[in-house]
2 protein chains.
Amino acid sequence: MSEKRHKDKEAFRREILDAAREMFSVDGYGNFSMRKLARRIGYSPTTIYLYFRDKDEILFCLCEELYAELYRVVLDIEQEGAGLLETLRKVLLTYVSFALAHPEHYRVAFFTNPSVYGSPADFLQNDTMSRRTYLHYRDLVAECCSAGVLCSMEAETLAQVLWTGVHGVVSAALHTRDFPLVDPSVLAEVMVEGLLNGFTFRRSV
Amino acid sequence: MSEKRHKDKEAFRREILDAAREMFSVDGYGNFSMRKLARRIGYSPTTIYLYFRDKDEILFCLCEELYAELYRVVLDIEQEGAGLLETLRKVLLTYVSFALAHPEHYRVAFFTNPSVYGSPADFLQNDTMSRRTYLHYRDLVAECCSAGVLCSMEAETLAQVLWTGVHGVVSAALHTRDFPLVDPSVLAEVMVEGLLNGFTFRRSV
DNA sequence: GGTCTTAACTTAACGCTGTTAAGTTTCTCT
DNA sequence: AGAGAAACTTAACAGCGTTAAGTTAAGACC
């Protein structure tokens, strides 16, 4: 069987990840398995375990790839140099279209959740693309608060509320096959407009 | 083995569902399986298939139970007789605490998703507790719009945006073990306040 | 009471799953 | 050429949802 032996461990890791990523995109998370992945790359299932501790590590790597791409997208938006609030709006809306463009990856990152990043404390200690992206986003919201374009409140809370809003749209879009959901991009637009509007002025009561 | 033979099919169905519900609450969705359920009720796995077509049907029944309870909760809130907007606010906030009080059921209903209600068309045709609850909620939002306490826009869209907002909070709370999430009840309160505030006044831009 | 039918239930199996211990092959280095 | 390490596989464990076929028990009819 064994046609090739791999000297370059890193290259083979990447090959496995590429195959896994495509399997996700094409067949979805539900149809992904270590055995199928092995068949796909032409090796026995056990070989994969020489390059990845377990299935979760593969999922973790795919998540990190996703966050890395998202991070780049966010940086691109910021460098367009629009106003703070406009930038935030674009980031939130782009987040949704980005997520809907990578539905299976989003599933892995947010809905399979065998705690790939460890504990919340681990998350904040280790330098991952996930953490980087989040902190960067949070700082953007904080800037909006201190610049007065959003009402002043704890930035962490506000950032998470805005995020859970768009995350909710994505979540509904991904997990809804039997419900007559309004077009997610419309929901996203109304959601972002509503939230930003709601936090722009002083809150009533 | 067989100590008992069941004359009352419906009673046995309920017995199975009760066991399933408790298994979900205690061990979580991930640790639920037909075989464990069978062991739990003291029968062979195949017996369950005499009372339920497959695993999905059990999930469907559990979902319906959940929606039935949620429906009752919503009715209770409405009968408190507060103002329209105040009622809507309470419904949204109660939705979150209800969901967080039944995390494993919520998981089944919204995140496992092998399309238990069929197609969106099926959802609207068949009289399920899920549909009943949704339509009732949508009507409440529509009332708010026509009474002028919320800005006038398509009620369906607005209803779904408000829902995806609180759903996002629940989704984040349930799928977050490795992220330092702000207290979900705080997020829910800020979310609802922000959204209702955002849709109360005329939207800017 | 004896037979017949049917409903209730089980056994055994199929083809999956993630993972591991142990065994084999191949390469590299001395 | 021989030793050691690296690469890879075979075979297995214990689990999963589901089904075809077989068994047991209860009720109906003569």
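A pocket is an open set of points on a 1 Å grid over the protein atoms alone, where a 1.4 Å probe fits, with protein on both sides within 12 Å along at least five of seven lines. In this predicted model, local features need pLDDT of at least 70 and side-chain atom pairs count only at pLDDT 80 or more, while totals for chains, interfaces and linings use all residues. Residues are numbered from 1 along each chain as its sequence is written.

The largest pocket has a volume of about 530 Å³, taken as the space filled by probe spheres set on the points. It is lined by 21 residues, each with an atom within 4 Å of a point. A:F111, A:T112, B:Y29, B:F111 and B:T112 lie closest to the centre of the pocket. Helix 6 of chain A and helix 6 (103–112) of chain B each give two or more residues to the lining; helices are DSSP runs (H or I) of at least four residues.

Chain A and chain B bury about 4100 Å² between them, 62% of it on carbon and sulfur atoms. Buried area is the accessible area (1.4 Å probe) lost on being put together, summed over both parts. On the side of chain A that touches chain B, helix 9 of chain A supplies the largest share, 13 residues.

Key
Chains are lettered from A and ligands numbered from 1 in the order in which they are written. Side-chain values use heavy atoms; hydrogens and water are left out. Buried area is the accessible area (1.4 Å probe) that two parts lose on being put together, summed over both.
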